[in-house]
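My notes are kept in the order in which I looked.

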Amino acid sequence: MLDTVRIACQDCDLLNRIPAVPDGGSAVCRRCGAVLYTQRQKRIECTLSFAVAGLILMILANLFPFLGFKIQGQVQQTILFSGIQELYRQGLHLLAILVFFTTIAAPLIHFVILIYVLFPLILNRRAPGMFQVYRLYHHLRPWGMLEVFMLGILVSVVKLSRMAEIIPGTALYCFMALIF
């Protein structure tokens with residue numbers, strides 16, 4: 001394996017040979033001085049910690065009530081999965097599967113893949129099949145539409161607030177933290 005990497009400068013297009021960059025250091029173009037690459041400290045550990053936190057938040061968002069509706073003194077709480085169940089019960093099977101995949105399955109798979117790939121890297125090892133698994137991560141990435149789902153929830157809450165009192169649940173806060 002080579003101990004130098006070649007990186008093309010985005011400013012002047014010069015192909016630069018970059019030796020191993022120490023933590024906190026950066027590589028600059030020989031011709032124009034533009035920063036080509038910055039080695040951030042503990043980048044893998046930080047990404048792994050965010051992935052573990054995301055997995056925990058995703059699990060909590062699926063276990064606790066998402067929203068509560070208070071109509072005429074009665075409170076009805078919903079969980080994230082209940083909307084998918086209702087779509088399926090109404091005969092919208094493909095839509096229910098799509099909502100399940102984009103809001104629950106794909107994000108969970110993303111976090112599990114990140115943890116599977118990054119944890120062995122911290123131990124200076126490679127996970128079996130890590131390149132194929134990471135390729136799967138990039139193929140699934142556009143399908144994790146948590147932001148779109150959250151936007152739909154906010155629009156629904158605004159429209160339903162005229163008919164009932166909306167009580168945000170623990171899962172809603174977990175879901176919002178997960179998006180950030």
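The entries below go from confidence to strands, then to a helix and the cores.

**Confidence.** I began by noting that this is a predicted model, and that the protein averages a pLDDT of 84, with 97% of the residues scoring at least 70. Going through the elements, I found the highest mean pLDDT, 91, in helix α3 (residues 93-122), and the lowest, 77, in helix α5 (residues 146-160). I keep in mind that where pLDDT is low, the predicted coordinates should not be read in detail.

**Strands.** I next looked up the partners of strand β5 (residues 67-71), which runs antiparallel to strand β6 (residues 74-78) and is joined to it by 5 bridges. I noted that Ile71 has Gln74 in β6 as its bridge partner, and that the two strands form a hairpin with 2 residues between them, where Gln72 in the turn has a positive phi of about 50°. I also followed β5 to strand β7 (residues 165-168), again antiparallel, and found 4 bridges between them, with Gly68 standing opposite Ile167 in β7.

**Helix α1.** I then checked the span of helix α1 (residues 43-63), whose 21 residues reach 31 Å from the first C-alpha to the last, close to the 30 Å expected at 1.5 Å a residue. Which residues of α1 are buried? I listed Leu48, Ala51, Gly54, Leu55, Met58, Ala61 and Asn62; they lie on the same side of α1 because they cover an arc of only 150° around the axis. On the other side of α1, I found Phe50 and Leu63 exposed. When I asked what covers the buried residues of α1, the elements I found included α2 (80-89), α3 and α6 (170-179).

**Cores.** Last, I looked up the largest nonpolar core, which has 22 residues, and noted that those with the most contacts inside it are Phe66, Leu67, Leu172, Phe175 and Leu178. At least two residues of this core come from each of α1, β5, α2, α3, α5 and α6, and α6 gives the most, with 5 residues.

How values were computed: Residues numbered from 1 in each chain as written. Predicted model: local features only at pLDDT ≥ 70, side-chain atom pairs only at ≥ 80, totals over all residues. Heavy atoms only, no water. Pairing = 2+ DSSP bridges. pLDDT = per-residue confidence, 0-100. Expected span 1.5 Å × (residues − 1). Buried < 20%, exposed > 50% of the residue type's maximum accessible area, 1.4 Å probe, protein only. Arc of directions from axis to C-beta. Contact = heavy atoms within 4.5 Å. Core = buried A, V, L, I, M, F, W, Y, C linked by side-chain atoms within 4.5 Å.
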